[in-house]
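This report describes selected parts of one structure, beginning with a helix and moving on to loops and surface charge.

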2 protein chains.
Amino acid sequence: MKIIYSIDEMRDQSRQAKDEGKVLGFVPTMGCLHEGHLSLVQRSLAACDFTIVSIFINPTQFGENEDLETYPADLPGDRRNLEALGVDVLFLPSHRQIYPDGYKTFVSVEDITTRLCGKSRPGFFRGVATVVLKLFNIVQPDIAFFGEKDRQQLQVIQTMVRDLNLQVSVAGLPIVREPDGLAMSSRNVYLSPEQRPSALALHKALKTAAGLVKNGETSANKIKETMRRIIGREKHAEIDYISVCDTQTFADKESIDSRALIALAVRVGKARLIDNCIVERN
Amino acid sequence: MKIIYSIDEMRDQSRQAKDEGKVLGFVPTMGCLHEGHLSLVQRSLAACDFTIVSIFINPTQFGENEDLETYPADLPGDRRNLEALGVDVLFLPSHRQIYPDGYKTFVSVEDITTRLCGKSRPGFFRGVATVVLKLFNIVQPDIAFFGEKDRQQLQVIQTMVRDLNLQVSVAGLPIVREPDGLAMSSRNVYLSPEQRPSALALHKALKTAAGLVKNGETSANKIKETMRRIIGREKHAEIDYISVCDTQTFADKESIDSRALIALAVRVGKARLIDNCIVERN
């Protein structure tokens, strides 16, 4: 596995691989890789001829009081994992290279970013869209892989790609969970042994909600009320949002007619955790 | 000259030209082409193997009370001019193709867009940056050509290209003027015969300002005062702004130490006209 630190070298490497007729797969990450990330890498390795993974903790997507300074990192572990899978390039640009002095340009996707996580984290999706566009322009991938845990992020990237006429396919892959159901997240390392059981409430609430829908419940309020009760039992858990909404626009739904997204964000100690599922009525 | 209406066909055409090893030159315009535009086209024809000109009146760069509805158009004349010069492709995308229903993504360049025209026309540079990025992504040019009359626009594009890691060179070309000094602009057609002489005040004011600097004047206030007096004499002219500022950031200067931009915008009847020059002290 080649490790590339410079934007120019990354560009040259991608151009060379393209000249050789290779299909380029790309997995942008913030590191501290877990099974969720690795499932994206494995899909890229299976679908593409040349796989690039980037690790860049992107400052522009963190708010003032968020965890930029303490965001977990494990570069030696990440390298070993990626090398073992057979990744071609690990791209590790510096903050100064990505955001040099005098940096001024930002990309915003409107409307869909005002809801769910965008409401709790103003500026988050602007930072995400900006860095992903930059990375796409540098790496020039044919296919880029994102996880469905961050479903709103996936939708923001897909919208940006369509709107800005970018020539990359964006693939969304299913959430990977711990054996007990907790969605994999780099921020799970924040959970203390006492907090860890409370974190299960997200998945429990989603499973219960999906069960209600399966049994004919259509009222968004009743579903959210049940979810709130499940999470309310956990003393370490504090709800940020629970939403039953449109799968594309994330606009709140009052009742589930055919298809809906159920999404939630919950703080458990220092960790802000998110999870979601799509429900369908027959 | 090939006329292309569809984004996909434009993309294919550019890819084909690139595959043939050609260097692609691109001149994005809003049509009603004048000698200023044509100087950009000629430079592209001289510097590149394959020249693409786009005509697209971009709605997102017009404000509520601006002249989107009445912006001048002369497609038959433009076609003849471009054909005569030997342009390879005229790209004419529709509004619906560029901004389909549900369009949501915008690019903003901060800081430098808050001054000069950005102050008088909020949203203008956001619209410009967004459409230029889209056109770059579709046309995939190696070099793109812009006029220095819109010096702030040129700087915005150059900043966007640098910040977003785009692989295109941006070339700025000198202002082209009528024999009497009026800077060429598609909006000059708005001027009535009575208003036309008033429009000369912009160039006169700039020439006088440059003369003052050459003779040792360093005070921005004195220079702007003189310019205001010259324009004030014209009954059809109404000053939007006059600025003596940094050539890169457009921040106001109190005195001219080495190099400065002198820029102004003046309304003459329905036409909002802009002009500028760079002055240097030895």
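Helix 6 of chain B covers residues 124-139, and its 16 residues should span 22 Å at 1.5 Å a residue. The end C-alpha atoms of the helix are 22 Å apart, which agrees with that expectation. These values come from a predicted model.

Of the 16 residues of helix 6 of chain B, 15 are buried, so the helix is largely enclosed by the rest of the structure. Buried here means under 20% relative accessible area.

Helix 6 of chain B is followed by B:Gln140. B:Gln140 belongs to the loop between helix 6 and strand 6 (143-147) of chain B. Its phi is positive, about 55 degrees, although B:Gln140 is not a glycine.

Another loop of chain B, between helix 7 (151-163) and strand 7 (169-173), contains B:Asn165. B:Asn165 also has a positive phi, near 60 degrees, and is a residue other than glycine.

A further loop residue is B:Arg233, placed between helix 10 (220-232) and strand 8 (237-245) of chain B. On the surface, B:Arg233 gathers with B:Lys204, B:Lys207 and B:Arg229 in a patch of positive charge.

| Residue | Relative accessible area | Class |
|---|---|---|
| B:Gln140 | 31% | partly exposed |
| B:Asn165 | 8% | buried |
| B:Arg233 | 64% | exposed |

With a relative accessible area of 8%, B:Asn165 falls under the 20% cut-off and therefore counts as buried. B:Arg233, at 64%, is over the 50% limit and so counts as exposed.

How values were computed
Residues numbered from 1 in each chain as written. Chains lettered and ligands numbered in written order. Predicted model: local features only at pLDDT ≥ 70, side-chain atom pairs only at ≥ 80, totals over all residues. Heavy atoms only, no water. Helix = DSSP H or I, 4+ residues; strand = E, 2+ residues; numbered from the N terminus. Expected span 1.5 Å × (residues − 1). Buried < 20%, exposed > 50% of the residue type's maximum accessible area, 1.4 Å probe, protein only. Patch = residues over 30% accessible without salt bridge, like charges linked within 9 Å, V, L, I, M, F, W, Y side chains within 5 Å. Areas by Shrake-Rupley, 256 points an atom, 1.4 Å probe, with all protein chains shown as cover. Salt bridge = Lys/Arg side-chain N within 4 Å of Asp/Glu carboxyl O. Lys, Arg positive; Asp, Glu negative; His and termini not counted. Charge placed at Lys NZ, Arg CZ, Asp CG, Glu CD.
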